[in-house]
Structures are given as structure tokens and as C-alpha cells.
Amino acid sequence: MLDPELLRILVCPETKEPVHLAGPELLEQVNRAIEAGTLSNRSGERVTEKVEAGLVREDGRVLYEVKDDIPVMLIDESIILDGLVA
């Protein structure tokens, strides 16, 4: 679980927009796309491991994965959600 104080100060490294925890419905959609082999990160690498937790940019367009309670706030490893979320 992320420290609430850390969550309050984290922002997207690209746009500086705030981020919030991804909900279970979004994580389910992301993981379905991973299982289908259709999800890549910003650097073009296919995402193959299930996403347990993530942070979503305020505009809802980008997800940053949280691994072992550590946010991975690297632009190249972020996942674009356009087309994934209806």
C-alpha cells in the first residue's frame, strides 16, 4: 500500500498532473489486454506481467505501474490508456 503522503505529492513526470490509484475495473481492463497480448508500454515493449496496482494521471490517459509498493514513474514504462478504456 502506498503511503498517502507520497500519493499526495506524486505527479506525472511528463505533464506534472496529479496521479491517483487505479481502480479495480481499470486494472481488470489492463490485465485483459495484457492476457490478450495487445498492451505495450510507451517504449513499445509488450507488457507481459499482470499489473497489480497502478497510478493514473489526472486526465485518465496514462497509467504508471506500482511494483512492490514502489511507483514506477518512468515515461517509457508508462501505459497509454487511450483506446483501452471506454
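Predicted model: local features only at pLDDT ≥ 70, side-chain atom pairs only at ≥ 80, totals over all residues.
Residues are numbered from 1 along each chain as its sequence is written, and side-chain values use heavy atoms, without hydrogens or water. Local features need pLDDT of at least 70 and side-chain atom pairs pLDDT 80 or more, whereas totals for chains, interfaces and linings use all residues.

The protein contains two helices and five strands, assigned as DSSP runs (helices H or I, at least four residues; strands E, at least two) and numbered from the N terminus. From the N terminus on, the order of the elements is α-β-α-β-β-β-β. The radius of gyration is 12 Å, close to the 12 Å of the globule rule for 86 residues, so the protein is as compact as a globular protein of that length. This radius is taken over C-alpha atoms, and the rule is 2.2 Å times the number of residues to the power 0.38. The C-alpha trace spans about 35 × 25 × 25 Å along its principal axes.

Of the 86 residues, 37% are buried (under 20% relative accessible area, 1.4 Å probe, protein chains only). Among contacts (heavy atoms within 4.5 Å) between residues at least 6 apart in sequence, 52% join residues at least 24 apart.

Asn41, Glu45, Arg46, Val47, Thr48, Glu49, Glu65, Lys67, Val72, Glu77 and Ile79 line the largest pocket. A pocket is an open set of points on a 1 Å grid where a 1.4 Å probe fits, with protein on both sides within 12 Å along at least five of seven lines; lining residues have an atom within 4 Å of a point.

Definitions and conventions
Buried < 20%, exposed > 50% of the residue type's maximum accessible area, 1.4 Å probe, protein only.
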